[in-house]
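Opening the notebook on a new model today. I want to go through its helix packing, its sheet and its aromatic rings.

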Amino acid sequence: MHRLLSTSCCRLAIAGLALASLLVIASAARAAEIEGVAFAESYRAGSVTMPLYGMGLAKFLRTIKVYVAALYLGAGTKVERVLDDVPKRLELAYFRQIDAQDIVRAAEKNLSDNVPQNQIDQLRPRIDRLHRLYENVKPGDRYTLTYLPGVGTELAFNGQRKGVVEGVDFAAAYFAIWLGPDPINLPLKEGLLGEH
């Protein structure tokens, strides 16, 4: 009897694994695509599901493709609340090799374009902590920033978690690089927010 139950459990587990594989394949088949780069239609972090909201292309000098990005927002989040205390995820897929120092330089400039200096001064230790986590990128690499209320902003590189920085104030400031009033790339922001 015990052996029969054990065999039945093994069969169920194998069937379950096969079904899970099919679901992963089906999910990948439903991915959205921009410039030949695929992004999942939704992302799950813990108990929070974030559907894909928009995608965009970042260019340098209007002709050089640098990266594509996808924005995920907690279900039901209104776009005007994107920098509020709501779940969000930004995924960037690169076309070019970029040094970590250049990523940090661009981030610093765009923070100063979107966030008052006194606020940057208050956030400085956390900004520096995140900036120390960046690595050089090459074509095909991906960075993600995922913010969850009460948890913080996680930076991941090619799916590997690099670190988490606490605070809704930090998340609002850092996501403003792409989504603030003076973003790093306006057409990219418009694509992420579904404005074109």
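This is a predicted model: local features need pLDDT of at least 70, side-chain atom pairs count only at pLDDT 80 or more; totals for chains, interfaces and linings use all residues.

Helix α2 (residues 100–114) and helix α4 (residues 168–179) have axes that come within 8 Å and cross at roughly 100°. That puts α2 roughly perpendicular to α4, since anything from 65 to 115 degrees gets that label.

Next I looked up who touches whom. From α2 I get A107, N110, L111 and N114, and on the α4 side they meet A173, Y174, A176 and I177. By type, the residues of this contact are six nonpolar, two polar and no charged.

**A look at N110**

N110 sits in helix α2, so I checked its accessibility: the relative value is 6%, and N110 therefore counts as buried, the limit being under 20%. Leaving out residues up to four places away in sequence, I find N110 touching I177, D182, P183 and I184. I also noted the separation from P183: 73 residues in sequence, but 6.9 Å between the C-alpha atoms of N110 and P183.

**The sheet**

Then I traced the strands. Seven of them make an open sheet, ordered β3-β4-β5-β6-β7-β8-β9, with antiparallel pairing. The edges are β3 (42–45) and β9 (160–165); each has a single partner strand, so one side of each has no neighbour in the sheet. From one strand to the next, I read an average twist of 25°.

β3 and strand β4 (residues 48–60) run antiparallel and are joined by four bridges. Y43 has M50 in β4 as its bridge partner.

Back to α4 for a moment: this helix lies across β5 (64–73), β6 (88–94), β7 (142–148), β8 (152–157) and β9, and runs at about 140° to β7.

**Rings**

Last stop, aromatics. I have six aromatic pairs in the structure. Y94 and Y143 have ring centres 6.3 Å apart and planes at 80°, so I logged the pair as edge-to-face. It bridges distant parts of the chain, with Y94 in strand β6 and Y143 in strand β7, 49 residues apart. Both Y94 and Y143 are buried.

Y143 also pairs with F157, and this pair is tilted, at 4.6 Å centre to centre and 35° between the planes. Here the link runs from Y143 in strand β7 to F157 in strand β8, 14 residues apart. I looked up accessibility too: Y143 is buried at 3%, and F157 counts as buried at 9%.

Which residues do the ring pairs link into a cluster? My list reads Y67, Y94, Y134, Y143 and F157.

Definitions and conventions: Residues are numbered from 1 along each chain as its sequence is written. Side-chain values use heavy atoms; hydrogens and water are left out. Axes are lines fitted to C-alpha atoms, for helices over the stretch in contact, and angles run from 0 to 180 degrees between N-to-C directions. Helices (H or I, at least four residues) and strands (E, at least two) are DSSP runs, numbered from the N terminus. Angles under 35 degrees count as roughly parallel, over 145 as roughly antiparallel, 65 to 115 as roughly perpendicular and the rest as oblique. Contact means heavy atoms within 4.5 Å. Ala, Val, Leu, Ile, Met, Phe, Trp, Tyr, Cys and Pro count as nonpolar, Asp, Glu, Lys and Arg as charged, and the others, Gly among them, as polar. Buried means under 20% relative accessible area, exposed over 50%, partly exposed in between (1.4 Å probe, protein chains only). Two strands pair if DSSP finds at least two bridges between them. Rings of Phe, Tyr and Trp (its six-membered ring) pair if their centres lie within 6.5 Å; planes under 30 degrees apart count as stacked, over 60 as edge-to-face and the rest as tilted.
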